Amino acid sequence: MAKTFDVLIQGGLVVTGAGIRKADVGVQGEQIASVGPGLKSEDAARTVDASGKYVLPGVIDVHTHPVYEDDLGGLSRTAAYGGTTTLVHFAYAKPGTKLLNTIKQFKEEGAQKSYLDFGVHGALFDPASQIEEIPKAFDLGVTSFKMFMTYAKLKWMTDDYHLTAAMDLIAQCGGLAMVHAESGLVTDYLEDRSLKKGEDQKGVFLKTRPDYLEAEAIFRAISIAAVMNCSLYVVHLSTAKGAEVVQRARAEGQPVYVETCPQYLALTDDVLQRLGPLAKIGPPLRTEMDRVALWKAIQAGNIDVVASDHAPKNKMKDDPFFEAPFGSPQAETMLTVTYDEGVNTGRIGPCRLVQLLSENPAKIFGFYPRKGTIQNGSDADLVLFDPNQAVTIQSQNQHSGVRYTLYEGRNCLGTPVLTMQRGKVLIENGELKGKPGEARFLPTRISKIKP
Ligand SMILES: [Zn+2]
């Protein structure tokens, strides 16, 4: 006789953004069929013992770059090991390329290679020629678009004229503008001046990218978004000054969503001084004061999302610092590091953690309640998290294509032991069970549900 449940996760503490309770989770096919106490193992084809563990909704990482050392397949695999079940990638349309073509390529390649369900943000490197493609991107299921307010020298920066034009169009279509907020031209001047003086670029990396410039760019983006009536998402907030600016806009009721990343919550500039190019990321690792302020902003409800900005680049510790590219691997360590820094320190509880990593990104990008929670009818995207298992993060145990991590040697308490996507076990006790090509593309929809 057919069993009621394909899988029964028994005896765990089920965590959602709304609360924690001891409950069993019955999975039928791809979905959660029942959540409650006393579900019977004889009704299940397979029972997983979750006693002493948290049952979390799978992590939804909405800031990933599968164009460097981890491609759409490799990135999804390394993320799955870390408890992630859904990704939203930035489809980088480099100058001279078409936004729509890039989005189509990502969708096709993802369908073949990805282990995880995924969505796509458009990312415009050449807004003057790419903005006009924005309305058509909505037909492809892409409704969020990132612009750079920095990297002027690299010719990736969107000037205010085109930022305004993009926000105008995005607002008309009901989408979301996303900004990397740092003042590009001021940064370039500071860097050029420092290079002329012959200063050690590692030593002055933070000084050439001061916190004022993040705050200034955020304020400018918020102001333009207010004038254009456009919803705004600030990626990777990294400073106390920036947090103050977003706090003010949100208090006034402006739709500004805010993301930070585990690296800004766990690391500071001393790591850059130690690891050199490996820790060269944009925005830079900041000061302890900034790190503490970000946690305060999380506690105050002024940061909605923690996402990885996973962008592993091929570089070595002793490479020349100035020439080294920006980016680091973060997807696999995100849940463990954020849990350790947030929950184990008493800064936040498990529910807030789930809001930041799953529920809020699901709400903002329109996946909720299909994803981002644990309830009847939701996709069975689940993570078993063992809060008592100690781990030491080492690059040799990671699954990214690069052989370094900024957390080398760091001891954390708590780690995911099982990752399930739509009822199928992807990772169990460190073993990969999933296959590429079973992922689904998820169209985003900018919802009006407030995180
Ligand atoms: Zn990024």
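Helix α1 (residues 72-81) packs against helix α2 (residues 99-113) at an angle of about 55°, with the axes 8 Å apart. That angle makes α1 oblique to α2; angles under 35 degrees count as roughly parallel, over 145 as roughly antiparallel, 65 to 115 as roughly perpendicular and the rest as oblique. This is a predicted model, in which local features need pLDDT of at least 70 and side-chain atom pairs count only at pLDDT 80 or more, while totals for chains, interfaces and linings use all residues. Residues are numbered from 1 along each chain as its sequence is written, and side-chain values use heavy atoms, with hydrogens and water left out.

The crossing of α1 and α2 is right-handed (the near helix is turned clockwise from the far one by less than a right angle). Leu72, Gly73 and Ser76 on the α1 side meet Phe106, Glu109, Gly110 and Lys113 on the α2 side, contact being heavy atoms within 4.5 Å. By class, this contact has two nonpolar, three polar and two charged residues. Ala, Val, Leu, Ile, Met, Phe, Trp, Tyr, Cys and Pro count as nonpolar, Asp, Glu, Lys and Arg as charged, and the others, Gly among them, as polar.

α7 contributes Asp211, Tyr212, Glu214, Ala215, Ile218, Phe219 and Ile222 to the contact, and α8 contributes Lys241, Gly242, Val245, Val246 and Ala249. Eight of these residues are nonpolar, one is polar and three are charged.

Axes are lines fitted to C-alpha atoms, for helices over the stretch in contact, and angles run from 0 to 180 degrees between N-to-C directions. Helices (H or I, at least four residues) and strands (E, at least two) are DSSP runs, numbered from the N terminus.

| Space | Volume | Lining by class |
|---|---|---|
| Largest pocket | about 580 Å³ | 15 nonpolar, 11 polar, nine charged |
| Second largest pocket | about 430 Å³ | six nonpolar, 12 polar, one charged |
| Largest cavity | about 80 Å³ | four nonpolar, eight polar, one charged |
| Second largest cavity | about 40 Å³ | seven nonpolar, one polar, no charged |

On a 1 Å grid over the protein atoms alone, a cavity is a set of points where a 1.4 Å probe fits but cannot get out, and a pocket is an open set with protein on both sides within 12 Å along at least five of seven lines; lining residues have an atom within 4 Å of a point.

The largest pocket, with about 580 Å³ of space, is lined by 35 residues, and Tyr151, Leu154, Trp156, Pro325 and Phe326 are the closest to its centre. β9 (144-148) and α6 (184-197) each supply at least two lining residues, and α6 gives the largest share, three residues.

Nearest the centre of the second largest pocket, among its 19 lining residues, lie Tyr81, Glu332, Val391, Thr415 and Pro416. Strands β14 (382-392) and β15 (411-421) are the elements that give two or more residues to this lining.

The whole structure holds two cavities of 30 Å³ or more. The largest cavity has 13 lining residues, with Pro329, Glu332, Gln398, Ser400 and Tyr404 closest to its centre. The second largest cavity is lined by Leu56, Pro57, Val59, Leu335, Leu353, Val354, Leu357 and Ser358. Two or more of these residues come from each of β5 (54-57) and α13 (350-364), and α13 has the largest share, with four residues.

Notes: Grid points are joined across faces, edges and corners, and a volume is the space filled by probe spheres set on the points.
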